[in-house]
Each structure stands twice: as structure tokens, then as C-alpha cells.
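Okay everyone, thanks for coming. I've got one structure to walk you through today, so let's get it up on the screen.

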Amino acid sequence: MTKHGLPHSLYNRGRLSFHGYINMAYELNLNWQEFLEKYWQKRPVILRKAFIDFIDPITPDELAGLAMEPEVDSRLVSHAKGEWQASNGPFEHFDGLGDTGWSLLAQAVNHWHAPSAELVRPFRVLPDWRLDDLMISYSVPGGGVGPHIDQYDVFIIQGMGSRRWRVGDKLPLKQFCPHPALLHVEPFTPIIDEDLEPGDILYIPPGFPHDGFTHTEALNYSVGFRGPNSRDLISSFADYALENDLGGEHYSDPDLTLRDHVGNVEEYELERVRRMMHELIDQPEDFKQWFGRFATTPRHELDIAPAEPPYEAQEIADALMQGDNLNRLSGLRVLNVGERFFVNSEPLETSNHDAADALCRFTLIGRKELGDALQDPAFLAVLTNLVNQGYWYFDQ
């Protein structure tokens, strides 16, 4: 035990109580190689009893408590008398909702609720940079968010209760807004139309319409993997280029000749402009720097609590040598991009690549994972700074 208490602000502020919490190890009954070959981004599938004897890591009351916090992205969706309603949190109360026709949803619960974060671990066979978050929904009978299309891969885990899921084929469908905060899709013919029971998983690739209808009070856990679109990539790289003063060269044409039609842009001129834009992106080191920052920027707020009082490097080295471990803050993005390392949108400056790679590879690190790096003062200084920022904390 270190001199510091529990690291998370949820604990420190007393907002949630995990007394008696046991670190549940969820084991996923899935042949990943077969799944990737047959289903990943190809077609939806129900994975029956993917989690044997599934235990919900959160209660509806705890989810409601999270939805009352301003740091947590949450929403309430209801459907009554043919009308859809939706509102965003934080919520002050949940009075007057009734017993049917509504759902409460919270995004990035893995950032804020340690037991729920354990549900993400079995999916770490997929690239970390593609993981979006864990969304949890609680629905009463008749609850749901309506038929819609997502542009990301999602694994919907059924917790308590039961929901019926309808999934259509990936076809051109009209979308419309029954409410300013909701985007629905026109009726579709289902290729999947089945009930999910606790421990079942429904995998849906991007672009397949789907709709869930709740039979009994139910909890659902959605592990989402997002792929950025070209617009997002270009916009982000443009911001990086402006911040770093890249691409300052101007268009030039010393070979310009007279032409009959001065209002016409010649093909070779278009090609020269296109080449200028390509050359801006085609700078390997700048491209890696940009992508590392882009891919480690979280989409949702993190529960960062800096260490108080701050650690000294020797304290951390001694604790790790004695067998203590450091936990990575849930939701923190740590990536190795072409032998460059990034943490939470910032480059990690260290010459100890093996130790930095361990920070990317493992969410729990200790003497075994860091090895000789514990004798490296320069790396210890880097690690101490990360711990004091609240990015890693000692496991209890």
C-alpha cells in the first residue's frame, strides 16, 4: 500500500461506492480468428453465451448516479403516444418517467466506473486506437432509441433482462429526425430478429440498420470501435499543419506560357496543386506525429486525478521493485506509432523504447513489464511525471 489513497476522483469525491467490489475477470467465449474472417465489417451475428454466467458490473441506480454528473455524457430517450423525446444530461432527478417506454444511456462508462471497465478488457485483441468507448443503457419495457444506423463496429452485450433486436441488411435507406436529437431510419426488412439473453452478444458492423425493443427491465453494454472518416482526418491534419507552420510553400509556375483562354484552368495546373497537397501529407515524420496526437486524443472526458502529494521518482521505483503494480487510467490512450510514443494526445519523450512499448502494450505494469528500466533515471523521471499527472496509479 502506498501513502496515497484511491486515485480516482469518483472515489475521492464520494460520488460512487464500490465497497465490496471484486475485480471480475470477464472471459469471452469467442474464436477471434474465425470471427475476424467471417464477420468483422462483413455481416452482423449473434454470439450466444459469449459470456458464461454473466454478472452485471453496474446497477441501474449506479448508472443513474453517473448520469447526474456533469463530466459524463448521458441522455434520456422516451417514446410515448407515437412521439419521440430525447434530452441530454446531467440530470437532476428521474421522477415521473413511468414504467414503460424509456431508456437511459451513458457514454464512456469505462472512464468512470472501474467494474464496468473490466468489460472492455476481453476486446483488447482488437487495435487500441480503434476503441471508442463503453456505452451502457438501462431500459424499461418498451424502451429503446428507435431504428437507426451507426457508422462504427459495435458489440452489444446483453446484461440483465431481455431485449429483442432487429438488424437489417446494409442497403441505401432514408434517414429522418423524429426529434432534433435523434436520427432514425425508414422501416427495413430484418435479417436478424431475435431475443438476447444475459451473456449474449450482438455484433453489428457499420452501416447495418438496427433496432432494439426491451421486454423486461434490461441493461445493455455497447463496446464500440470507431473508424474516422476522411473529412475528420483531413480536418485534423489541417489543424496540425497550421499549428506547426507546415505547407508554407506557395504555388509557383515559372514555366507559364501564354494561352488563348485565360479563364480556363489547365489540367497540368490542377495536377500541380494536387501534388502540393499530397506532398504536405507525404512527410513521414510529420504524419506520424500528427497521427499519434490524433489517435490518442480521447473523445470523452477522462477521470484524471493528479497524485496528491506528488511522488518522487525513488518512491515509484521502490514500490515497483517491492512488487506493487501501476494501473493505467481507464480510457487513457497510449500508442506506439512508428517507434514514437504518445499519451493522451502528447508525445512521450523517452529513449527507452522497450519500457515505453510496455506502457502501450499493458494496462497493468510492474517490475516484470518494465525490467531494467527501473534502473534508468531518465525513464523513471518520465514515469513519475505520468503518475503525478494521474495517468497511472498504484494498484491496491
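This is a predicted model: local features need pLDDT of at least 70, side-chain atom pairs count only at pLDDT 80 or more; totals for chains, interfaces and linings use all residues.

Okay, rings. How many aromatic pairs does the count come to? It comes to 27. Let me pick out one of them: Phe 155 with Tyr 203, where the ring centres are 5.0 Å apart and the planes make an angle of 40°. That makes the pair tilted, because an angle over 60 degrees would be edge-to-face and one under 30 would be stacked. What I like here is that the pair ties together distant parts of the chain. Phe 155 belongs to strand S6, residues 152-158, while Tyr 203 belongs to strand S11, residues 201-204, and the two are 48 residues apart. Buried or exposed, then, for Phe 155? Buried, with a relative accessible area of 0%. Tyr 203 is also at 0% and counts as buried.

Compare that with Trp 290 and Phe 291. Their ring centres are 5.7 Å apart with the planes at 70°, so this pair is edge-to-face. Trp 290 has a relative accessible area of 5%, and Phe 291 comes in at 18%. Both count as buried, because the cut-off is under 20%.

Now the strands. Have a look at S13, residues 218-226. Eight of its nine residues are buried, so the rest of the structure largely encloses this strand. Which strands does S13 pair with? One is S5, residues 131-139, antiparallel over eight bridges, with Leu 134 standing opposite Val 223 of S13. Another is S6, the strand that holds Phe 155. S6 and S13 are also antiparallel, over seven bridges, and Tyr 152 has Arg 226 of S13 as its bridge partner.

Further along, there's an open sheet of three strands, in the order S18-S14-S19, with antiparallel pairing. S18 (364-365) and S19 (392-394) are the edge strands, each pairing on one side only. S14, residues 326-328, is joined to S18 by two bridges, and there Asn 327 has Leu 364 as its bridge partner.

Last thing, helix H11, residues 377-388. Twelve residues at 1.5 Å a residue should span 16 Å, and the end C-alpha atoms are 16 Å apart, so that agrees. Buried residues in H11 include Phe 379, Leu 380, Val 382 and Leu 383. At the start of the helix, a side-chain oxygen of Asp 376 comes to within 3.0 Å of the backbone nitrogen of Ala 378. Just past the other end, Gly 390 has a positive phi of about 95°.

That's my tour, so over to you for questions.

Notes
Residues are numbered from 1 along each chain as its sequence is written. Side-chain values use heavy atoms; hydrogens and water are left out. Rings of Phe, Tyr and Trp (its six-membered ring) pair if their centres lie within 6.5 Å; planes under 30 degrees apart count as stacked, over 60 as edge-to-face and the rest as tilted. Helices (H or I, at least four residues) and strands (E, at least two) are DSSP runs, numbered from the N terminus. Buried means under 20% relative accessible area, exposed over 50%, partly exposed in between (1.4 Å probe, protein chains only). Two strands pair if DSSP finds at least two bridges between them. The expected span of a helix is 1.5 Å times one less than its number of residues. A polar contact is a pair of N or O atoms within 3.5 Å; within protein, one must be able to donate a hydrogen and the other to accept it, and residues adjacent in sequence count only if both atoms are side-chain atoms.
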